[in-house]
Amino acid sequence: MAGMVFVTKSSLFVVRDIQVEVQVEGEQLIETNSITEILGPVQGENLFLLDTKALAHKIQLHPLVDKVGFERRLPGTLVVKVVERHPLALILMGETHLLEVDGSSMILRTFEDGKWPEVTCPILTGIQPQDITGPGQKITDEAVFRALKCAEAIPESLRGHIDELHVEDSGSLTLYLDTRVEVRMGTHDNDAGNLLLLAELIKSDKYVRVAQSVCYIDLTSGKPALGF
């Protein structure tokens with residue numbers, strides 16, 4: 001009882017310092033001072049009496065935050081451990097409006113007037129989600145889900161080579177490489193397998209020899225066919 005009173009009442013254990021640690025894939029997008037601002041007036045409160053569940057709920061309202069945890073470091077440091085959402089694709093809305101989304105279709109950031117984020121993500125085109133308000137909102141659109149599932153399945157060796165993923169009116173998917181070669185994926189659900197075939201193809205000696213003459217790669221039959 002005496003120990004409990006000591007740790008909850010003693011000025012020794014008031015929060016004097018807040019440290020924010022952000023776990024990211026690639027470039028860090030979250031500014032650490034934005035997390036401390038969300039926390040509010042925590043400094044001066046007792047380290048053991050903090051309602052970390054309520055604090056975590058507040059922080060997770062930030063559209064770039066996926067998960068959050070806390071660590072108490074005696075005598076007076078609160079460490080906030082944030083896992084950042086990872087941008088997976090950009091959705092082109094109109095001619096100049098971009099939505100940055102993660103694999104769960106959460107909108108992370110928006111960009112207008114031709115401004116582009118400094119991240120390497122494929123652009124999704126042919127999609128016009130309705131009733132979009134902004135960051136922190138999840139897009140509930142079947143075409144977006146299909147396109148994001150495909151984008152998520154892109155092998156690491158291909159990520160820097162795919163510029164655009166276009167959803168056709170028919171529902172089929174077409175990729176465009178950084179060389180502007182068209183890749184026809186079709187409407188079936190074997191995107192992951194086809195992407196592996198594509199990765200093997202474009203690094204093969206046979207493809208490298210004719211790459212400059214290739215207009216399209218057709219994967220709709222389950223094996224690559226080149227068009228010149």
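Residues are numbered from 1 along each chain as its sequence is written. As the model is predicted, local features require pLDDT of at least 70 and side-chain atom pairs count only at pLDDT 80 or more, whereas totals for chains, interfaces and linings use all residues, and side-chain values use heavy atoms, with hydrogens and water left out.

Helices (H or I, at least four residues) and strands (E, at least two) are DSSP runs, numbered from the N terminus. Two strands are taken to pair if DSSP finds at least two bridges between them. On this basis, an open sheet of three strands is found in the order 1-3-2, and its pairing is mixed. From one strand to the next the twist averages 20°; axes are lines fitted to C-alpha atoms, for helices over the stretch in contact, and angles run from 0 to 180 degrees between N-to-C directions. Strand 1 and strand 3 (residues 77-84) run parallel and are joined by seven bridges. Within this pair, V20 stands opposite V80 in strand 3.

Two helices pack on the three-stranded sheet, contact being defined as heavy atoms within 4.5 Å. Helix 2 (residues 32-39) touches strand 1, strand 2 and strand 3, and its direction makes about 125° with that of strand 1. Helix 3 (residues 52-59) touches strand 2 and strand 3, with a direction at about 145° to that of strand 2.

The packing of two helices is described by the angle between their axes and the distance between the axes. For helix 2 and helix 3 the angle is about 130° and the axes lie 9 Å apart. The two helices are therefore oblique to each other, where angles under 35 degrees count as roughly parallel, over 145 as roughly antiparallel, 65 to 115 as roughly perpendicular and the rest as oblique. The crossing of helix 2 and helix 3 is right-handed, a crossing being left-handed if the near helix is turned anticlockwise from the far one by less than a right angle, and right-handed if clockwise. Helix 2 contributes I35, I38 and L39 to the contact, and helix 3 contributes L55, K58 and I59. These residues comprise five nonpolar, no polar and one charged, with Ala, Val, Leu, Ile, Met, Phe, Trp, Tyr, Cys and Pro counted as nonpolar, Asp, Glu, Lys and Arg as charged, and the others, Gly among them, as polar.

A further open sheet is formed by nine strands in the order 6-5-4-7-8-9-10-11-12, again with mixed pairing. Strand 6 and strand 12 (225-227) stand at its edges, each with a single partner strand, so one side of each has no neighbour in the sheet. On average, neighbouring strands are turned by 25° against each other, direction ignored.

Strand 4 (residues 89-93) and strand 5 run antiparallel, joined by five bridges, and L90 stands opposite E100 in strand 5. These strands form a hairpin with three residues between them, and G94 in the turn has a positive phi of about 70°. Strand 5 is also joined to strand 6 (residues 107-111), by four bridges in an antiparallel arrangement; here L99 stands opposite T110 in strand 6. In this second hairpin, with five residues between the strands, S105 takes a positive phi near 70°. Four of the five residues of strand 5 (residues 97-101) are buried, so strand 5 is largely enclosed by the rest of the structure; buried means under 20% relative accessible area, exposed over 50%, and partly exposed in between (1.4 Å probe, protein chains only).

Four bridges also link strand 9 (residues 173-177) with strand 10 (residues 182-186) in antiparallel fashion, with L175 opposite V183 in strand 10. Helix 4 (residues 142-152) packs on this sheet, touching strand 4, strand 5, strand 7 (123-125), strand 8 (162-167), strand 9 and strand 10, and its direction makes about 150° with that of strand 8. Helix 5 (residues 191-202) packs on the sheet as well, and touches strand 8, strand 9, strand 10, strand 11 (216-218) and strand 12; its direction makes about 25° with that of strand 9.

N194, found in helix 5, counts as buried at 0% relative accessibility. Not counting residues up to four places away in sequence, N194 touches M185, H188, L219 and G222. G227 is found in strand 12 and counts as buried at 4% relative accessibility.
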